[in-house]
Each structure stands twice: as C-alpha cells, then as structure tokens.
Amino acid sequence: MPFAATLVKVLYDAANRMPTYVSLAAVVGFVFLLALYMSQRRDLMRIQAWMEAVPDHPAEDLARSETLLDRAEAELEQILGVEGPSQAAVERTVVAPPSAATPAPTSQTTTSERPALEQITTEREALLPHPRWRRFAARVSQPRVLGLIALGAVILGLAGIFGADRLLNDNTGPEQRTHKPGAVVPHDVTVAVLNGTSVPGLGAKVSDDVTANKFQLGNVGDSRKEYDQTVVMYEPGEKKAASKLAKDLGVNPVQKIDRPTQQAAGGADVVVIAGRDRAS
C-alpha cells in the first residue's frame with residue numbers, strides 16, 4: 001500500500017506540472033515559428049524583387065524548353081536514320097525569347113505536337129492537390145497566419161496552466177478534486193496537533209486520538225490564540241482527509257488553513273486545534 005500511495009503521489013505531481021511543460025513547449029514553438037516567419041518573409045521579399053526584375057522569366061523558360069526538345073528530336077532522327085525536316089524547318093521551330101511583337105508559345109501548342117509530353121503533363125496535373133486545398137494551404141502558410149497560430153498556442157498554454165491550477169487546487173468544489181483520489185489512507189496523511197487552550201497536556205491527549213485512528217502524527221505544539229471549539233484545518237487538496245479525521249475525532253468545524261496555523265503546522269497536511277470543549 002505505501003508503494004501504491006507513493007506512485008499515486010508521483011503521478012499527481014507529474015500531472016500538476018504538465019501545464020507548465022505544455023506552456024514551455026508552446027513558447028518554444030512560438031519562438032521557432034517566429035524565426036520561420038522572418039525567414040519566409042525575407043525569401044518572399046527576394047522572390048518578389050526577382051519577379052519584378054525579370055517579368056518574362058516563365059515565357060523564356062518555355063522557349064528554351066522548346067529549343068531543347070527540337071534539338072533532341074533532330075538527334076534522335078539522325079540516330080534512327082529517319083529523314084527529318086530540313087535545316088530551314090528546324091531553324092523555324094527554334095523559338096526566340098518572347099518580345100512585345102511576338103507572343104510567347106503556350107503549353108497547349110507544345111503538348112499537342114508531342115503526345116508523350118502531353119501525357120506527362122496530364123499525369124502531373126492529376127497528382128496535384130485539389131484547387132480548394134491549394135487555396136487553403138496558400139492562406140494558412142502565409143507568415144501572418146502562422147504567427148497568429150503560434151500566438152494562439154501560447155495563449156492556450158497559459159490558459160491551461162491557470163485552468164489546471166484552479167481545478168486542482170479548488171477546495172470549495174466537489175470532493176473529487178481533492179489531492180488523493182479514492183479512499184483516504186490515514187497513515188499517508190500527516191496531522192499536526194495544536195493546543196488552543198491553556199490546559200496543559202491537551203495537545204498530547206488529542207495526539208493520542210489522532211494516532212489511534214491510524215493517522216501519521218506531525219508537529220505537536222501550541223496555537224497562537226485560544227479556541228473555544230476544536231477545529232480541523234486542511235491544506236489545499238486535503239479536504240477529504242480533513243473530513244475523515246474530523247469524523248473520527250467527532251469534530252464538526254472543518255475549514256481551510258490560515259496563514260498563522262500553516263506556519264505552526266510545520267508542513268502537515270491537516271491540523272487539529274484542540275479547543276476548550278476537548279478539555280472536558
């Protein structure tokens with residue numbers, strides 16, 4: 001049983017720290033995406049400047065491809081011994097770089113004259129993503145959108161930290177939110193006993209009652225002020241254990257621990273302050 005209780009406590013501590021790890025990962029991701037945003041922005045600016053400087057670059061590439069294809073066809077015909085078109089015809093097929101007077105050849109003309117090239121072009125277009133998906137990917141991959149996604153991840157991480165802390169440490173809610181899930185194991189709960197009266201030996205008497213109910217005894221001392229009624233106080237997450245102890249001792253008041261009592265308890269999970277009603 002002690003091993004099981006220790007395992008539960010270790011798992012709880014890991015779950016309690018999980019929001020911190022998630023937030024740290026979100027911050028690291030945000031920094032990474034910020035660096036990626038700056039790199040993408042710089043590359044986009046370079047591409048835009050290059051496109052403005054060379055506006056006819058796609059048409060020139062197409063013209064060069066046409067020339068290379070004509071030469072490849074001529075060499076293939078020479079190897080196969082097939083009589084090809086005259087040199088003048090070949091020269092007429094050479095496409096010069098486009099100018100304002102002559103429009104650039106289109107891909108339709110190229111593929112219609114070469115069935116193999118048309119088949120390759122068709123297969124390539126079939127492998128391309130759907131136009132809607134391409135539009136969506138183009139919008140999401142914009143640096144501004146990536147920055148917003150990273151910022152949202154950081155906000156969610158911070159919200160997870162505060163939300164988990166509030167959920168795990170809220171002792172005014174249902175008992176399912178207490179520190180130890182399931183039944184309370186008395187010897188895993190440390191109980192401090194403070195004498196809240198001037199009656200000597202009352203703290204020792206209540207300590208015997210605590211150990212008789214199998215709870216682990218912590219500090220035994222005196223309270224800074226006197227109490228007429230015995231009260232049980234608990235640290236955050238120990239409401240269920242405090243309720244069980246109060247029931248075993250026959251004590252009614254159960255409340256959250258205050259600062260002075262917390263300092264006198266020495267780190268105990270639950271504190272019993274013996275009042276004058278316990279002395280009778």
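Strand β1 (residues 190–195) pairs with strand β5 (residues 270–274) in the parallel sense, over five bridges. Within this pairing, Val191 stands opposite Val270 of β5. The model described here is predicted.

Both strands belong to an open sheet of five strands, in the order β2-β1-β5-β3-β4, with mixed pairing. At its edges lie β2 (216–222) and β4 (254–256), each of which pairs on one side only. From one strand to the next, the twist averages 25°.

| Strand pair | Sense | Bridges |
|---|---|---|
| β1 and β5 | parallel | five bridges |
| β3 and β5 | antiparallel | four bridges |
| β3 and β4 | parallel | three bridges |

Strand β3 (residues 231–234) directs Val231 and Met233 one way and Val232 and Tyr234 the other way, and all of these residues are buried. Tyr234 stands opposite Val270 in β5, and the bridge partner of Tyr234 in β4 is Lys256.

Helix α8 (residues 202–212) lies across β1, β2 and β5 and runs at about 155° to β1.

A further feature is found on the surface, where Leu44, Ile47, Trp50 and Met51 form a nonpolar patch with about 400 Å² of accessible area together. Of these residues, Ile47 lies in helix α1 (residues 2–53). Ile47 counts as partly exposed because its relative accessible area is 44%, a value between the limits of 20% and 50%.

Notes
Residues are numbered from 1 along each chain as its sequence is written. This is a predicted model: local features need pLDDT of at least 70, side-chain atom pairs count only at pLDDT 80 or more; totals for chains, interfaces and linings use all residues. Side-chain values use heavy atoms; hydrogens and water are left out. Two strands pair if DSSP finds at least two bridges between them. Helices (H or I, at least four residues) and strands (E, at least two) are DSSP runs, numbered from the N terminus. Axes are lines fitted to C-alpha atoms, for helices over the stretch in contact, and angles run from 0 to 180 degrees between N-to-C directions. Contact means heavy atoms within 4.5 Å. Patches are made of residues with over 30% relative accessible area and no salt bridge: like charges are joined within 9 Å, nonpolar side chains (Val, Leu, Ile, Met, Phe, Trp, Tyr) within 5 Å. Accessible areas come from the Shrake-Rupley method with a 1.4 Å probe; for residues, only the protein chains shown count as cover. A salt bridge is a side-chain nitrogen of Lys or Arg within 4 Å of a carboxyl oxygen of Asp or Glu. Buried means under 20% relative accessible area, exposed over 50%, partly exposed in between (1.4 Å probe, protein chains only).
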